[in-house]
Amino acid sequence: MTNNQDNGDGPMRLIDRYLAAVAAQLPAAGRDDVTAELRDDIMSRIEARQAALGRDLTDNEVEVILREIGHPLVVAARFGSGPQHLIGPELFPWWLFSVKVGLIVLVAVTIFAAIIKVISGQDVGQAVGQGFAGLFSGAMTLIGIATTAGYIIERQTEKPSFITNWRVQDLGVFEVARLDAKGFNRALSSGRCAPARLRKSESMSPVARALSSAVAAAVLTAWWVGAVHFGGLPMSEWVVEIAGVDYSQAARNTVALIFWPVVGYGAARILFDLFRAATPRAVKMTALGDIVLACGRLAMTGWLLLVSPMGRALGISDVGSVVERVRDTIQTGIGTGVWSLSGVVVLILAASLLEPAGRILISLVRLISGVDRRLSGHA
């Protein structure tokens, strides 16, 4: 064989180096068989090319053949076991759906956090900037978690049954993804001015409501425990200033005292919503769960208002002081057009007691009657 030494390696050394790079990417079991098979293929191609040219190949011409076969990483992947992708086409739509819903919740919570910061006295530009930073960080975390989960599922011997063993009556969960610009327009048009038939057809099914609630609870709980930072800063570093008064220390003390109860509530909320999505017609069980969770929310809100360090810093000592503060805030605001921000905070906390109280009453009716009107139209 006449070798034109272009780089000093020689054809056989090029082949050995190529095969060594391929072998390094292969599992030990079967490595020798694969490299032997590949060597035979390479030599057959070289011999065929030499026969066509009537001479030995140069190093460059051998390297062209090796490039035709493929890069060692790509060639080794052909002989590997398992999928050659992170998330395959069958699972990708599920990944995309979960990321979309999670991002919707992230955006909503980030906007809410920015509004709270502005109300508490933080500069608007700073609040918006921190909001974008937190949104980007949270989105990367969300996508990373979803991709990791998809990677693990993709490599299971048997795919989850929800991919193939689905039922039409369970498809309401995918209505969660309607929460885009058109979805919000539909929500706005679903008031009293819209026909009853339209409102009924555009409303979410119980399964979709339960799943969207579970996703929101999961994101909020992740934020609460510090896994995701909305606004770019952890809660322990937030500055809470209302009408020139610094409530930061009171707010931090309050968070420290209620930290684990909120974690427990968030976990219970997620588990309950998943149960409700799986068994939407277990009316009495879901009604009982709603009552328990609403009582927990009522107790935590009452504690925040009447007992917590933040409540005391706002000048609240008992129910009478709450009533008096709310009355004065409303009368002064209506009379002068100037609303006390600390009074507005007390008003919001007091008003937030009404929702869980109403939830308890409605759930009691469902528990006694065994009928849930929200299930009508979604059979």
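## Helices α10 and α11

Helices α10 and α11 are roughly antiparallel to each other, a label given to angles over 145 degrees. The axes of α10 (residues 248-278) and α11 (residues 283-306) cross at roughly 165 degrees and come within 11 Å. Here axes are lines fitted to C-alpha atoms, for helices over the stretch in contact, and angles between N-to-C directions run from 0 to 180 degrees. Helices are DSSP runs (H or I, at least four residues), numbered from the N terminus.

The model is predicted: local features need pLDDT of at least 70, side-chain atom pairs count only at pLDDT 80 or more, and totals for chains, interfaces and linings use all residues. Residues are numbered from 1 along each chain as its sequence is written, and side-chain values use heavy atoms, with hydrogens and water left out.

Side chains of opposite charge can pair when their charged atoms come close. A salt bridge is a side-chain nitrogen of Lys or Arg within 4 Å of a carboxyl oxygen of Asp or Glu. The whole structure holds 13 salt bridges.

One of them joins the side chains of Asp-290 and Arg-366 at 3.0 Å, N to O. This pair links distant parts of the chain, with Asp-290 in helix α11 and Arg-366 in helix α15 (residues 354-369), 76 residues apart. Asp-290 is buried at a relative accessible area of 3%, and Arg-366 is buried at 6%; buried means under 20%, exposed over 50% and partly exposed in between (1.4 Å probe, protein chains only). Both residues belong to a network of salt bridges that also links Arg-269, Asp-273 and Arg-276.

Within helix α2 (residues 31-53), Arg-45 and Asp-41 lie four residues apart, about one turn of the helix. Their side chains form a salt bridge of 3.4 Å, N to O. Arg-45 is partly exposed at 34% relative accessible area, as is Asp-41 at 30%. The C-alpha atom of Asp-41 is separated by 9.2 Å from that of Ile-69, 28 residues apart along the chain.

Glu-68 and Arg-49 also meet through their side chains in a salt bridge (3.4 Å, N to O). Glu-68 is in helix α3 (residues 59-69) and Arg-49 in helix α2, so this pair ties together parts that are 19 residues apart in sequence. Glu-68 counts as partly exposed at 46% relative accessibility, and Arg-49 counts as partly exposed at 32%.

Notes: Helices (H or I, at least four residues) and strands (E, at least two) are DSSP runs, numbered from the N terminus. Angles under 35 degrees count as roughly parallel, over 145 as roughly antiparallel, 65 to 115 as roughly perpendicular and the rest as oblique.
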